[in-house]
Amino acid sequence: MTSRGMVRRDAGHLGALLLEEGIVTQEALDRALEIHAESGLPLGRVLVDERLVDERDLVRVLARSIGLDFIDLREETVDPAAASLIPEALARRYAALPVAFDGDSLVVAMADPANVLAIDDIRAITGREVLPKVATRSDVEDAIGKIAALDGSVTDLAELAAEDSVETQDLGAVEAAADEAPVVKLVNMLITRAAADRASDIHIEPTERDLRVRFRIDGVLHEIMRTPRSISNAVVSRLKIMADIDIAERRRPQDGRINLKVGGRQLDLRVSSLPTIYGEKVVMRLLDTSTALLELEDLGFEPDTLERYAASYTKPYGTILVVGPTGSGKSTTLYATLNVLNRPEVNIVTIEDPVEYRLSGISQVQVNKKAGLTFASALRSFLRQDPDIMLVGEIRDTETARIAIESALTGHLVLSTLHTNDAPSSISRLIEMGVEPFLVGSALDGVLAQRLARRLCDNCKEQYEPTEQALEEIGWEGDPPETLYRPVGCKVCSNTGYRGRVAIHELMLVDEDIERLAVERASTEVITRAAIAGGMRPLKHDGLRKVAAGITSLEEILRVVV
């Protein structure tokens, strides 16, 4: 038994536990006890060596007997930020690895949770309380090895691939280079590291002298590495092969998709290639399928805003728009809304460009312009499919806008997105697109504007007293707070001061006043005043609530909202 501290127990007691759990038969236990008596080896060691018991089953039973949880590191995803809090040498010495955060505490997988010295050292180094969980020594050591290898492997593989590559325009040579082991491993490692770093996008871009790789983490791009330009064509071609894109076509943009399982998570990668003066640039959007299963409560809604939003989407008909710039989380909010509405008794159809997440129980259609399948043509077809709820990925043109609005007036619930800066301006935008004002006022039920702000890192954020001038500049309303939080930077957040994102919301419900203003073609300013009077909290004010709660910083709200 490799978890030594847990097997120095009375052999009879251990045997009784294993029999009680049905892990071992009496015959196998008798045989192991004989070997134990003859050799003097611990009973647990004998049981594992003789293959009478699986090591993980043995450790699971022992963990339960001392009141601790067992963690199977083959199935659990290790958070690299947690693992990086202690040096590799210390992790190996104690066979202990931080694997996750639990509030302010650190979950640590340990082969020997009775090692008080190890727990004290980890607590002192990280400044966090330690929550030990039991794992087999072999699993802990394997996990430490994988984490250590991840950081070094990308650079090593890039250097190796560069040594083997010679820049060439010959298609056959490029295709062969794309299948070479170093290039294949480099691409796989980049995707693995991006998933581990919680990146939403991977940018692979050739420059005049080298190939630059950047990850977008929490909405901000971070440079990860630069490699010799000679491997550019091979790396791009490898990605195009994986995405089933024509590698011979380098003069026009192309799109594709890659499906991978990384660290136990199913990932969809949306791949886009773009010809530039220095070669093809590839951007990959990482779509974690678990994101599509998020609950609305997980998206940062204030309780009163969520209650008002629920009153809107639970109506049997009407139009609900989610608005904001690209990358503001509109699709995530709509998918979370569909998860609430998705029941066996309703028929839900979607038209998207492209379909980002697959949702069970929902008919999803992807735009195909070559085949004549546009948002508008799909919407017309949907009306013959007896739908209850329709999701339109984006209202881009007059025809789509008119059909969506008319569908809402004929007894359907329509969800969609629109590119406007705030909720009130969506009314003017629809009218500008050619929809009759009286139709907009009648069919529009609610508009949710949103932005994504970075969350302050809980590990390193620090309190400070804001100056009156700073609060005046941002337009703080109500009683000024005595203390706020600001970013610092640590290993957990890669020295950015932020980790994760939270949505900032502005919800406008269309009441009689706003409906009348829409018919009168009132200005956005007038509609905004009426919406605030009707209970709408502007984006900035919702952001400042989250600043006061210590979730994000003043600087971040200024960056994304004001």
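I count a residue as buried under 20% relative accessible area, as exposed over 50%, and as partly exposed in between, with a 1.4 Å probe and protein chains only.

**Ground rules.** I am reading a predicted model, where local features need pLDDT of at least 70, side-chain atom pairs count only at pLDDT 80 or more, and totals for chains, interfaces and linings use all residues. Residues are numbered from 1 along each chain as its sequence is written, and side-chain values use heavy atoms, leaving out hydrogens and water.

I looked up Tyr 313 first. Tyr 313 is buried, because its relative accessible area is 7%. Tyr 309 has 1% relative accessibility, so Tyr 309 is buried too. Phe 301 is also buried.

Next I noted how ring pairs are described. A pair of aromatic rings is given by the distance of the centres and the angle of the planes. Rings of Phe, Tyr and Trp (its six-membered ring) pair if their centres lie within 6.5 Å; planes under 30 degrees apart are stacked, over 60 edge-to-face, and the rest tilted.

How many aromatic pairs does the structure hold? I find two. Phe 301 and Tyr 309 are stacked, at 5.6 Å centre to centre with 10° between the planes. Tyr 309 and Tyr 313 are edge-to-face, at 5.0 Å centre to centre with 70° between the planes.

Helices (H or I, at least four residues) and strands (E, at least two) are DSSP runs, numbered from the N terminus. Tyr 309 and Tyr 313 lie four residues apart in helix H12 (residues 303-313), so about one helical turn separates them.

**Gly 300.** I then turned to the loop between strand S9 (279-288) and H12, where Gly 300 is found. Gly 300 counts as buried because its relative accessibility is 14%. Contact means heavy atoms within 4.5 Å. Leaving aside neighbours within four places in sequence, Gly 300 is in contact with Val 502, Ala 503, His 505 and Lys 546. I also checked Ile 551: Gly 300 is 251 residues from Ile 551 in sequence, yet 9.9 Å away in space, C-alpha to C-alpha.

**Two helices.** Axes are lines fitted to C-alpha atoms, for helices over the stretch in contact, with angles from 0 to 180 degrees between N-to-C directions. The axes of H14 (residues 375-382) and H15 (residues 398-409) come within 8 Å and cross at roughly 25°. That makes H14 roughly parallel to H15. Angles under 35 degrees are roughly parallel, over 145 roughly antiparallel, 65 to 115 roughly perpendicular, and the rest oblique.

Which residues meet? Phe 375, Ala 376, Leu 379 and Arg 380 in H14 meet Glu 399, Thr 400, Ile 403 and Ala 404 in H15.
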